[in-house]
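Subject: Structure handover

Hello,

Here is the structure I said I would pass on. Please open it first, and then read the notes below beside it.

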Amino acid sequence: MGLAGSLVKGAAGLAAAGSLFLAAVEYADQGKAARAAETIRLIDRWEETTSGVLTAYRSLGQRLTLALAERTPALDGTRPPEELAALLVADVLQQEGAADEFERIVYFFTRLELCIEATLCDEHTAAIFFSDTVDTFMKNFRSAVLERRRSDPHFGSEIRKLQIRLNRSAAGQDAFDPDRPLP
């Protein structure tokens, strides 16, 4: 076969390896684009008036703000702030429609976490759009999530994982590790 034949085979092998590499890169890019597109679909769902998730989020925030404004002068300072916040949230969730709004938001964030975990959604895109929103929701309604865990031990666990995941991604940290503390 000789030197020329060996060079041709070597060049053909390199070309094939290069083609495989380019195909793998293109496949990975297509996967990332598909994940980003699915995340954008969920963002659109969040913002749709028909799904009512963003509307529910805003409504709960307004309810909490009003309840806090109404009760602030009556707070006597004898209870710990966490206990007062939990009582306030419990009162808000007793208002007509508030529990449904809370459930709609929990369902949406659970769905987002499962989408990211299954690598159907893009974590970085979700972090850019939702990290502050998830943090605010958990800061304000953590007591309600924990209260529900008394009857359903797994309630809200996906939201907590989502919160950790999005904070890490927003901070530019690597892979999700639920045991590693937040930054």
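What percentage of the 183 residues of the chain count as buried? The figure is 32%. Please keep in mind that this is a predicted model.

Overall layout

The chain contains 6 helices and 0 strands, so the pattern read along the sequence is simply α-α-α-α-α-α. Of the contacts between residues at least 6 apart in sequence, 70% join residues at least 24 apart.

The core

The largest nonpolar core has 37 residues. Those with the most contacts inside this core are Leu 60, Phe 102, Phe 109, Phe 130 and Phe 137. At least two residues of the core come from each of α1 (2–47), α2, α3, α4, α5 and α6 (157–170).

Setting aside neighbours within four places in sequence, Phe 102 is in contact with Leu 60, Leu 93, Phe 137, Phe 141, Ala 144, Val 145, Arg 148 and Phe 155. Two of the names in that list, Leu 60 and Phe 137, are also among the core residues with the most contacts.

Helix α2 has 19 residues, and the distance from its first C-alpha to its last is 27 Å, close to the 27 Å expected at 1.5 Å a residue. Its buried residues are Val 53, Leu 54, Ala 56, Tyr 57, Ser 59, Leu 60, Arg 63, Leu 64 and Ala 67.

Helix α3 covers residues 81–94. Its 14 residues should span 20 Å at 1.5 Å a residue, and its end C-alpha atoms are 20 Å apart, so the two values agree. The buried residues here are Leu 84, Leu 88, Val 89, Val 92 and Leu 93. An α-helix has 3.6 residues a turn, so residues three or four places apart point the same way. The buried residues of α3 pack against α2 (53–71), α4 (98–117) and α5 (123–149).

Ala 99 counts as partly exposed because its relative accessible area is 36%.

Which residues of α6 are buried? They are Glu 158, Ile 159, Leu 162, Gln 163, Ile 164, Arg 165, Leu 166, Asn 167, Arg 168 and Ser 169. That makes 10 of the 14 residues of α6, a helix that is mostly covered. The buried residues of α6 pack against α4 and α5. The span of α6 also agrees with expectation, because 14 residues at 1.5 Å a residue should give 20 Å and the end C-alpha atoms are 20 Å apart. Just after α6, Gly 172 has a positive phi of about 80 degrees.

The axes of α5 and α6 are 8 Å apart, and the two helices pack at an angle of about 145 degrees. Their crossing is left-handed. On the α5 side the contact includes Ala 126, Phe 130, Val 134 and Phe 137; on the α6 side it includes Ile 159, Leu 162 and Leu 166. By type, the residues of this contact divide into 10 nonpolar, 6 polar and 5 charged.

Thr 133 also lies in helix α5. Is this residue buried or exposed? Thr 133 is buried, because its relative accessible area of 16% is under the 20% cut-off. Apart from neighbours within four places in sequence, Thr 133 is in contact with Trp 46, Tyr 57 and Phe 109.

The loop between α4 and α5

Thr 119 lies in the loop between α4 and α5. At 53% relative accessibility, Thr 119 counts as exposed, because the cut-off for that label is over 50%. Phi of Thr 119 is near 55 degrees, a positive value in a residue other than glycine. Most residues other than glycine have a negative phi.

Arg 35, in helix α1, touches Thr 119, Leu 120, Cys 121 and Asp 122, not counting residues up to four places away in sequence. The C-alpha atoms of Arg 35 and Asp 122 are separated by 4.8 Å, and the two residues are 87 residues apart along the chain. Arg 35 counts as partly exposed, at 26% relative accessibility.

Regards

Key:
Residues are numbered from 1 along each chain as its sequence is written. This is a predicted model: local features need pLDDT of at least 70, side-chain atom pairs count only at pLDDT 80 or more; totals for chains, interfaces and linings use all residues. Side-chain values use heavy atoms; hydrogens and water are left out. Helices (H or I, at least four residues) and strands (E, at least two) are DSSP runs, numbered from the N terminus. The expected span of a helix is 1.5 Å times one less than its number of residues. Buried means under 20% relative accessible area, exposed over 50%, partly exposed in between (1.4 Å probe, protein chains only). Contact means heavy atoms within 4.5 Å. A nonpolar core is a set of buried Ala, Val, Leu, Ile, Met, Phe, Trp, Tyr and Cys residues joined through side-chain atoms within 4.5 Å. Axes are lines fitted to C-alpha atoms, for helices over the stretch in contact, and angles run from 0 to 180 degrees between N-to-C directions. A crossing is left-handed if the near helix is turned anticlockwise from the far one by less than a right angle, and right-handed if clockwise. Ala, Val, Leu, Ile, Met, Phe, Trp, Tyr, Cys and Pro count as nonpolar, Asp, Glu, Lys and Arg as charged, and the others, Gly among them, as polar.
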